[in-house]
Amino acid sequence: MCFTRKITFCFAAILIFRVLLAPFSMRAYAYDNVYFEKKNNEMKIALTFDDGPHPRYTPQILDILDEYGIKATFFVIGVNARDYSDTLDKVVSAGHEIANHTYTHLHLSDRSVGKLKDEIEKCEDEIYSRTDIKTKLFRPPEGYIRDKVGQIAKDLDYNVILWDLDTKDWDHTPPEKIAENVIANIQSGDIILMHDFIGYNSPTPQALRLFIPKLLEMGYQFVVVSELIGIE
């Protein structure tokens, strides 16, 4: 093989390799209903919570949000809406946004189209039966958006909400580290990922107390996701 052909072959191989290993976020924009952020000139950002509601930490988080007068979006698991409906009521009563996070938080990579559709619709029905709220935002568990997920959500008239700032509270990151990361990396239009239930010893409440006042001082406005992306 001549030198020129070797160079061409190597370049093509590298390009294919980079595409295959590209983060899913680089390819997910093939769907126009998928959001990682929504840049704006008004310093609006969205704080989101996954995996609740749960009586252990959700009420603490609600108290903190109320203390600072801000609203957030809660991506609700259907079985938790069923089992902890009183806590869900508190989220709704406080004026926060409710969104869909599937019924059982299943892994989507090996699920059929029918099973995924059923998971979204069961969660939607559970939330609606308890709150009269028709959810319009969907976050796939673990942010999985490859293959069929974006299209199924589109067919069900959902916008898929991912994130561009992961606090890693799910990994029990110390509150100080979470706050440091958020404050250092926040940008207008960001969607921040947190959790109102992670099992035990959650750093989330303390982290909120550390970074919320700082971001407010910096001029950021906390809004719900639907306002950030501009849907009714």
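Mentor: A helix here is a DSSP run of H or I with at least four residues, and helices are numbered from the N terminus. The model is predicted.

Trainee: How far apart are Lys 115 and Glu 119 in helix 6?

Mentor: They are 4 residues apart, about one turn of the helix, which spans residues 113-131. A salt bridge needs a side-chain nitrogen of Lys or Arg within 4 Å of a carboxyl oxygen of Asp or Glu. Lys 115 and Glu 119 form one, with their closest N and O atoms 3.9 Å apart.

Trainee: Which residue forms a salt bridge with Glu 124?

Mentor: Lys 134 does, and the closest N and O atoms of the two are 3.6 Å apart. This pair links distant parts of the chain, 10 residues apart: Glu 124 sits in helix 6, and Lys 134 in the loop between helix 6 and strand 5 (137-138). Glu 124 is buried because its relative accessible area is 15%, whereas Lys 134 is partly exposed at 45%.

Trainee: Which parts of the chain does the salt bridge of Arg 209 and Glu 67 link?

Mentor: The closest N and O atoms of Arg 209 and Glu 67 are 2.8 Å apart. Arg 209 is partly exposed at 36% relative accessibility, and Glu 67 is partly exposed at 48%.

Trainee: How many salt bridges are there by this rule?

Mentor: The count is 13. Some join into a network, in which Lys 39, Asp 164 and Asp 190 are linked.

Trainee: At what angle do helix 8 and helix 9 cross?

Mentor: Angles under 35 degrees count as roughly parallel. The axes of helix 8 (residues 175-185) and helix 9 cross at roughly 25° and come within 8 Å. Helix 8 is therefore roughly parallel to helix 9. Their crossing is right-handed.

Trainee: Which residues make the contact of helix 8 and helix 9?

Mentor: Helix 8 contributes Pro 175, Glu 176, Ile 178, Ala 179, Val 182 and Ile 183, while helix 9 contributes Gln 206, Ala 207, Leu 210, Phe 211, Lys 214 and Leu 215. By class, the contact has 9 nonpolar residues, 1 polar and 2 charged.

Key
Residues numbered from 1 in each chain as written. Predicted model: local features only at pLDDT ≥ 70, side-chain atom pairs only at ≥ 80, totals over all residues. Heavy atoms only, no water. Buried < 20%, exposed > 50% of the residue type's maximum accessible area, 1.4 Å probe, protein only. Helix = DSSP H or I, 4+ residues; strand = E, 2+ residues; numbered from the N terminus. Axes fitted to C-alpha atoms, helices over the stretch in contact; angles between N-to-C directions. Parallel < 35°, antiparallel > 145°, perpendicular 65-115°, else oblique. Left-handed = near helix turned anticlockwise from the far one by under 90°. Contact = heavy atoms within 4.5 Å. Nonpolar A, V, L, I, M, F, W, Y, C, P; charged D, E, K, R; others polar.
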